[in-house]
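Trainee: Could we go through a protein model together? I would like to learn where the words used for it come from.

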Amino acid sequence: MSVVKINVLTVPAEQREVLEKRFASRAGAVEGADGFEWFELLRPVEGTDQYLVYTRWRDEESFHAWMEGPMKSAHQGGVEGGERPKPAASGSTLWSFEVVQHAGPKGA
């Protein structure tokens with residue numbers, strides 16, 4: 001059964017472009033991870049300053065392996081001008097779900 005992890009990032013308006021550029025520059029970083037199934041970065045439209053980082057994984061073990069390996073390494077690097085860049089988000093919460101039902105377009 002797949003699992004979904006949604007990282008809820010609180011991003012001030014002046015940091016939105018920074019956050020989106022950082023995610024764009026990391027394209028491909030998660031796609032090769034064993035057990036990875038899907039990624040989406042969701043920009044808020046109105047009423048909130050929270051972005052949602054949606055990932056779907058084959059199982060909990062695959063997610064944890066990525067968190068302890070490639071993701072951890074990626075977040076410890078990223079030196080710009082000799083210093084680590086400041087986070088674009090001012091807060092983060094991780095939501096976890098199991099996929100119990102899913103549907104796609106008919107004929108796809």
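Mentor: Let us take the terms in turn and set each value against its definition.

Mentor: This is a predicted model, in which local features need pLDDT of at least 70, side-chain atom pairs count only at pLDDT 80 or more, and totals for chains, interfaces and linings use all residues. Residues are numbered from 1 along each chain as its sequence is written, and side-chain values use heavy atoms, with hydrogens and water left out.

Trainee: What is the mean pLDDT of the protein chain?

Mentor: The mean is 88, and 86% of the residues reach 70 or more. pLDDT is the predictor's confidence in each residue, from 0 to 100. Where it is low, the predicted coordinates should not be read in detail.

Trainee: Which elements have the lowest and the highest mean pLDDT?

Mentor: Helix α2 (residues 60–76) has the lowest, 80, and strand β1 (residues 3–10) has the highest, 97.

Trainee: What makes a stretch a helix or a strand?

Mentor: Both are DSSP runs, numbered from the N terminus: helices are H or I with at least four residues, and strands are E with at least two. The protein chain has 2 helices and 4 strands, in the order β-α-β-β-α-β from the N terminus on.

Trainee: Why is W57 called buried?

Mentor: Buried means under 20% relative accessible area, exposed means over 50%, and partly exposed lies in between (1.4 Å probe, protein chains only). W57 has 0% relative accessibility, so W57 counts as buried. This residue is in strand β3 (residues 50–57). Of the 108 residues in the chain, 24% count as buried.

Trainee: Which residues does W57 touch, not counting those up to four places away in sequence?

Mentor: Among them are S2, V30, F36, S62 and W66. Contact means heavy atoms within 4.5 Å. W57 and M1 are 56 residues apart in sequence, with 8.9 Å between their C-alpha atoms.

Trainee: Why does S62 count as buried?

Mentor: S62 has a relative accessible area of 5%, so it is buried. S62 belongs to helix α2 and, leaving out residues up to four places away in sequence, touches D34, G35 and W57.

Trainee: Why is R22 given another label, partly exposed?

Mentor: The relative accessibility of R22 is 29%, so R22 counts as partly exposed. R22 sits in helix α1 (residues 16–25). Apart from neighbours within four places in sequence, R22 is in contact with P85, K86, P87 and A88.

Trainee: What makes a space a pocket?

Mentor: On a 1 Å grid over the protein atoms alone, a pocket is an open set of points with protein on both sides within 12 Å along at least five of seven lines, and lining residues have an atom within 4 Å of a point. The second largest pocket is lined by S2, V4, Y54, R56, V99, H102 and A103.

Trainee: How many residues of each class are in the lining of the second largest pocket?

Mentor: That lining has 4 nonpolar, 2 polar and 1 charged residues. Ala, Val, Leu, Ile, Met, Phe, Trp, Tyr, Cys and Pro count as nonpolar, Asp, Glu, Lys and Arg as charged, and the others, Gly among them, as polar.

Technical notes. 1 Å grid on protein atoms, 1.4 Å probe; cavity = no way out; pocket = protein on both sides within 12 Å on 5 of 7 lines; lining within 4 Å.
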